[in-house]
Amino acid sequence: MGSENSSEDTRTRSSNLAKQIGASHLDVKIDTVVSSLVLLFSSLTGKTPHYKVDGGSTAENLALQNIQARVRMVIAYMLATLLPWVRSKPGFFLVLGSANVDEGLRGYLTKYDCSSADINPIGGISKQDLRAFLRWGAENLGYSALEEIEAAPPTAELEPIRKNYTQLDEVDMGMTYEELSLYGRLRKIFQCGPVSMFQHLCHRWHGRLTPTEVATKVKDFFCYYSINRHKMTTLTPSYHAENYSPEDNRFDHRQFLYNTWWPWQFRKVDEEVKKMEQQKPPSIIMSTDEPTHAEIATKHATGLGVPAAAAGNVSTAGVTLSGKA
C-alpha cells in the first residue's frame, strides 16, 4: 500500500518477495484517498497542512504521516473482507500487523493505523532478532529477497523523499534499535526506573559515554515510553518471543498513565550526574553486551533490580539471536 512517499526500491522488494513465496500481490496506491482527506480538512478549516520538508510545522508533518498510516488499516480490512468474495471464496482473510516489540516499547507507531490488525506475528520480537531471522531465511530457505529487505535501512517512508533528506526510523526515534532492546530488558526484566537504569548504563557504557550523555538518553527513553504508553492498551495480539514485551493486555500490566516529566526521578539523575562529574571516574571496565541469561537468572534469584555495580557479565553458553503519535 504505497504512497507518493514510497521508494521504487520498496515496491520492487515487496514484489520480489511475493513472487518468491508464491503470494498474491496487489500494488495499491493510497494517494487518492489521502488527498481526499486532506481536501476535506482544507474545506473545513481553510488551511492546508504541509510536510516539514516543505515548510510545515511538526503538527502538520505528523498529521500527514498518520493519515497515510490509518488509511492503510482501513484499506487492509476492506480487502480482507471483500477479496474472498471477489475470488468466489467463502469467509474472510485475517489482517496481519507488522510492528515489532521495540517500536511498541518506544511508541513508534500510530494508534489505530496499519499496526492494528487481527494478529501480529512479529509483535513480540525484537528488531535485532527479526533481522537475524531474515538473514537466516535468505540463506536457508532460498528467499533472496529477504536479504535485500534486511539490508535496507528501516524507514516508514511517510515523508517526501528529497535529495538532501530521507526519513529513517532510528533518526526519527532518536535512538537505535540496539539501544531499545537494552532499555526494554532493563525496564521489564530488571524493573528499572530512570535512576537505576541511569546507574546501570553509566557502568555498562563506561568509557563510551559521559554521565551527562547517558542521562540524556535515559530521559529521552522514559519520556517517549511514558507519553506513548497508552498505545500499549490497543496493541494487536501477538506471539510473545521476547521477555520485555510492553503489551498491556496480557504481558506488561504497568499503568499506562504517567507524569511524563518524571520530576523526582529526573532530578535524582541530575544529582547523580553532578556527583560523577565532580569526582574522578572509577577505573571499571564493563561489558557493553545486553543483559545475559545469567544476569537475568541472578536477578530473579536475588531480587536485585540491577546487577552489582562492579560486576561484569557472566559468560554463558546461551545464544541470543539478535509509524508515531
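This is a predicted model: local features need pLDDT of at least 70, side-chain atom pairs count only at pLDDT 80 or more; totals for chains, interfaces and linings use all residues.
**Charged and aromatic side-chain contacts**

Biologist: Which residue forms a salt bridge with Asp27, the closest N and O atoms being 3.5 Å apart?

Modeller: A salt bridge here is a side-chain nitrogen of Lys or Arg within 4 Å of a carboxyl oxygen of Asp or Glu, and a search of the whole structure finds 9 of them. Asp27 also belongs to a network of salt bridges in which Arg11 is linked. The partner at 3.5 Å, itself partly exposed at 48% relative accessibility, is Lys29.

Biologist: How far apart are the closest N and O atoms of Arg131 and Glu150?

Modeller: Arg131 forms a salt bridge with Glu150, and because Arg131 lies in helix α5 (residues 127-140) and Glu150 in helix α6 (residues 144-151), the pair ties together parts that are 19 residues apart in sequence. Helices are DSSP runs of H or I with at least four residues, strands are runs of E with at least two, and both are numbered from the N terminus. Arg131 is partly exposed at 26%, whereas Glu150 is buried at 12%. The closest N and O atoms of this pair are separated by 3.1 Å.

Biologist: Which residue forms a salt bridge with Asp270, with closest N and O atoms 2.5 Å apart?

Modeller: The N and O atoms in question come to 2.5 Å from each other, and the partner is Lys219. Asp270 lies in helix α11 and its partner in helix α10, so the pair ties together parts that are 51 residues apart in sequence. Asp270 is partly exposed, at 38%, and the residue bridging to Asp270 is Lys219.

Biologist: How many aromatic pairs does the count come to?

Modeller: Rings of Phe, Tyr and Trp (its six-membered ring) pair if their centres lie within 6.5 Å; planes under 30 degrees apart are called stacked, over 60 edge-to-face, and the rest tilted. By this rule the number of aromatic pairs is 9.

Biologist: What angle separates the ring planes of Tyr183 and Trp205?

Modeller: The two rings are 6.4 Å apart, centre to centre, in an edge-to-face pair. Tyr183 lies in helix α8 (residues 177-188) and Trp205 in the loop between α9 (194-204) and α10 (211-227), so the pair ties together parts that are 22 residues apart in sequence. Tyr183 is buried at 0% and Trp205 is buried at 4%. The angle between the planes is 70°.

Biologist: Over the ring of which residue does the charged end of Arg106 sit?

Modeller: A charge sits over a ring if NZ of Lys or CZ of Arg is within 6 Å of the ring centre and within 35 degrees of the ring normal. Lys127 lies over the face of Tyr177, at 5.1 Å from the ring centre. For Arg106, at 3.6 Å from the ring centre, the residue is Tyr224.

Definitions and conventions: Residues are numbered from 1 along each chain as its sequence is written. Side-chain values use heavy atoms; hydrogens and water are left out. Buried means under 20% relative accessible area, exposed over 50%, partly exposed in between (1.4 Å probe, protein chains only).
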